[in-house]
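Please load the model, keep your selection tool ready, and follow the stops in order.

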Amino acid sequence: MGMLLQIAVFFWISVGFLSFPEKSEACSGNNSPALCEFVFKNVCYEFVGGSKTWSQAESSCEKQGGELLKAMTIPIKIFLKNINGERNTSNFTWWLGKGVQGLYQGPAITENVDISKDNCTYMKLNPLHLITSDCNQRRGFLCTHNLRSSSNTKKTMASSHAARSRLKRDSTDMGSSVRNIVDLLQAADKELLRMETTEGEPTAESRDNFIRYLLEGTKALTPQFAIQNSDIISHIISCSTAINILSVRKCDIQTNPNPTDLFEDIFEIFRTISLLLGRANGTQQFIIRYPSGTIYQNSSKPAEISNVVLGSEKDGTFIRLPSYSAIQSQLGGYSAIISQMSTFLVNPHPSDNVSGIVCSLILSDGVSDIKLANLTEMIEIYLPQPNASTPLNTTVVLEKDTKAITIFEVSDPNVTIFFSVMPSANVSLVLVLSKGSPNGSYSGRRTTNTTLTQIGDYRYMITPEMLQQTPGVWYVNITLNSTWKPGLTLIITSFMSKCLYWNTDRDTWSTDGCKVGEKSTPEQTQCLCNHLTLFGSSFFVMPNKVDLSRTAELFATVSQNYVVLALLCAFFGLYLVTLLWACYADRRSHSKRKVTLLEDNHPGAGYNYLISVHTGHRKNSGTTANVTVKLTGTEGESNTHNLTDPDKPVFERGAVDIFLLATPFPLGEVRNIRLQHDNSGGHPSWYINKVTVQDLQTRHVWHFLCDCWLSADHGDGMTKKTFNAAKNNEIASFRNIFHTRTSTGFRDEHIWVSVVDPPSRSPFTRAQRVSCCMSLLLCTMAINIAFWNLPTDPASPVVFGIGSLQITWQELMVGIESGLLMFPINILIITIFRSIKPRITSRSLKGDSEENLKPRAVTTPAILKDTEEVISLVSRSARNKMSEIPRLESTADLFPALDRVHEFIQLMQGESESDPHWVHCSKFLLAGLCHLMMCLEKLDEKNFPSTQEYKQALNTINLLVRKAEMVFTSHSAYCPPPVRKKKKSGGCWLPWWCVFLGWFLLLSISIVSTYFTLLYGFEYGKEKSIKWVMSLGLSLFQSIFILQPLKVICLAVFFALLLKPVAVEESEEIEQVLLAQQHKCSLYSGRHTL
């Protein structure tokens, strides 16, 4: 039929994620049957006859210690089919458990049903399929029991394995059974079982063939056959569901993702079935339920769908179409309209921001889809959020002549925010939205304040238009517009919603033409959309010509002229050996590419510095000693931190090691850095080149030009040194920039030299560099030989000669031109590899942080030590006016320490002007107090001299937590944003898949160059080929030792003369490490908002 599937999918964003249903297992019962006739995989299947309703059957099965069958996988289906062959059960029906799940769940097709009634699923054998009916009907039931011993089941298990073996031997090809739906489904069952039990399946080919054959077989059915054979239709839907789940759960889903149109391909089968049943039913309404969703279909005339509701209002997922006048111009020309409204429990196009039920609506005339766009009235889509969390309520006491301020941060300006401000008395309120600060000042300029309008009973809505496409901190000022009443309180509730649809042209989620409706609640979102479908002369001499038709003739002369072939064979042999070494070296280098989060960072510290340590390139520059660092700034100093990484070696020769160091507060201008090592290990001597420290909040960078030994055997014999930050004139000095640029230039820009020692964090690997060198070598040979066989100029002087071999000026010019022509190809291939964005594997924050913060045994010494550590860190800044306290020995010392903390909180309360120092100090103190409160709550009160002292300690810390939270909130609200330096662009990154483009170009150019080199060589003859090899050697010598070094030196001089500062190396992994530190803080404090 060739229909193009256009889907409009709408959803509500909330925190959470979607997961596919897992296989259910029956629970172990207390009383297993004494003798079980049918056993499979240590589970007893008991067919209980009689006449019971579904609830009676469930109760009877649970009394026996079992439960109704809840999992229907392919092995269980085959086992039940074998049972039917051994025992005549084809004339009976058996109740199954609600929510039957598995890879082979038989869907229920229900025609002309009342959606409001509860329906239950029962099973019928011969053939096996599932049917939905009223739960009050009476049937037998299938009860399952978990067996503790399998000694009595060996015979049954053996027969089951034999059946599976016969199935594998009798497996048929689906392609030969397309015209026979029964044979096709049997082949599909066998193919599904093979995929489920075979490692590496389903492959892309087997999956695509399975879907294609199943769709062809479904399209070959007639409407009459479909309506008369519901078991066949159920079987088709089951196979479609199974291949979808197998594809999503395959083992290599991360490295070999499914195509984005996989869902559309599978859903085409569901649509075909729905259309078949629609033609057979005429105007009847019917429902197709399957494991991951439901399809509601209705056939009617265009005028009859005016304001019609599609879906289930009881379930909360439904669509209300606009009036006929709004759609008449687009639907009036059709005689009948088929409406297909589908719901999906699992998002067919997964996204981190998508949660809740997803739905689609497709209108069709039975032959092709009908597009609705640019409607004058909106289509209403209602989507429930079954797992939505309850919005938090904030109660505010509104005093006379005051106002309440609500602060929220918007990261996505396309969301819609709902506010509910419920007063305790009947008063009039005015809500004003502003950006940046409560008075509407943002980044030094005034912004337009927006007065919010009620959309209901003290209910307000902030639309994306009001947010002006501007993320950041927003404020809502709540003031009284009527007479104040004593004791007036406000209960403030807020939540966010967003509506999107799947854009099949761009394979992404889009908000075009959709917005959130006023009737949205935290449990259900109303989306309003106006569409259903989707609403870019050469100055070189010409080379010699070669007759390609003589290829075979020229290659036949290889025995007389083997010079070029031998040279190419030698180059390729050298390339293969070098490539093997490069691949091995790349694997070692990749394991060392990591930004290290220091393990001794305090979990509550939230001000981050990035420290890059450059070890020198001198002989034995690396160290095996344990290195420590300490930063000192104008406003404080850090602890002494150990620069170690448990996953990789650090401070190797020529390495650049990057560490994330966290402090409780800003250190101000970093004045000096102290490096020290313990002179341990076999090679403790360390030559340190330089260190850069970057404030990740302000992006300010300090450079420390060390260039010295930290060694007891070299230099001045010192293993502990303090380095001062370099001044601007030192950083921009010609010597520093020229040295840095030439060093990095030869290691990165010089393609030949960089193979040996490339930059440690460059995405351009050694294997790629070696292959580029080989490709450039072949290109040079092809270009050189194409210009070689030119008419000899007898007047050309001889430059130099060795014996009978002479090099003329003409030969020298050919070499120079060949080297110049090599540059465009050099730039093209190398730029592709150098500009590819590396694929950074996301590390599990949960696993790393929880491993480092394993809960310690809560003891009194541990609490005292944590308290002492928090106070000690805060005291490291002179602005905090807190001196270090003596060691806390007992619980009696705890109260004076808490008094010191209380004094510090009062000091922060008295600071009228907020700045980042007080924000981070209050945040660190709040995290530390929350941690102490959690520990005290877990501590046995017997550790205190009396219960009264224990309760006093709890009350004191609880009070301090509340005060610290108020101080943190106050300073955060009024602190100006940090002045960030503009992040320098790291260049234009190419997507990771461009690496295949680079390899394709490299391989293509190499093959073409090799071909023409051989062709020209054979045509020139042996003597001229020997002369050409000499010219080639000169060209390569010019490229490696003259042209490439000149390029590096010229670039270094250019940057040095412009006095351009040395750039700090950017890394894609920094964001991941920052998230890891934040996660540690959340686990430490027990608050996810810190």
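Throughout this tour, buried means under 20% relative accessible area, exposed means over 50%, and partly exposed lies in between, with a 1.4 Å probe and protein chains only. This is a predicted model, in which local features need pLDDT of at least 70, side-chain atom pairs count only at pLDDT 80 or more, and totals for chains, interfaces and linings use all residues. Residues are numbered from 1 along each chain as its sequence is written, and side-chain values use heavy atoms, with hydrogens and water left out.

**Stop one: Thr416**

Select Thr416 to begin. Thr416 counts as buried because its relative accessible area is 4%. You will find Thr416 in strand E20, which covers residues 416-423; helices (H or I, at least four residues) and strands (E, at least two) are DSSP runs, numbered from the N terminus. Next, show what surrounds it, taking contact as heavy atoms within 4.5 Å. Beyond neighbours within four places in sequence, Thr416 touches Met461, Ile462, Thr463, Pro464, Phe495, Met496, Ser497 and Val516.

**Stop two: Arg459**

Move on to Arg459, in strand E26 (residues 459-462). With neighbours within four places in sequence set aside, the contacts of Arg459 include Phe418, Phe419, Phe495 and Glu518. Thr453, Gln454, Ser520 and Thr521 are also among the contacts of Arg459.

**Stop three: the disulfides**

Now colour the cysteine sulfurs. A disulfide is a pair of cysteine sulfur atoms within 2.5 Å, and by this rule the count comes to four.

Select Cys61 and Cys143, whose sulfurs are joined at 1.8 Å. The torsion about their S-S bond is about 80 degrees, so this disulfide is right-handed. The link connects distant parts of the chain, 82 residues apart, with Cys61 in helix H1 (residues 54-63) and Cys143 in strand E9 (residues 139-146). Cys61 is buried at 0% relative accessibility, and Cys143 is buried with a relative accessible area of 0%.

Next, pick Cys120 and Cys135, a disulfide with sulfur atoms 1.8 Å apart. The link of Cys120 and Cys135 is right-handed, with 95 degrees about the S-S bond. Cys120 sits in strand E7 (residues 119-124), and Cys135 in the loop between strand E8 (129-134) and E9, 15 residues apart. Are these two cysteines buried or exposed? Both Cys120 and Cys135 are buried.

Then go to Cys499 and Cys527, joined S to S at 2.0 Å. Here the torsion is about -80 degrees, so the disulfide of Cys499 and Cys527 is left-handed. Cys499 lies in the loop between strand E28 (489-497) and strand E29 (501-503), while Cys527 belongs to strand E32 (residues 524-529), so the pair ties together parts 28 residues apart in sequence. Cys499 counts as buried at 3% relative accessibility, and Cys527 at 0%.

**Last stop: Cys708**

Finish at Cys708. Cys708 is buried, at 14% relative accessibility.
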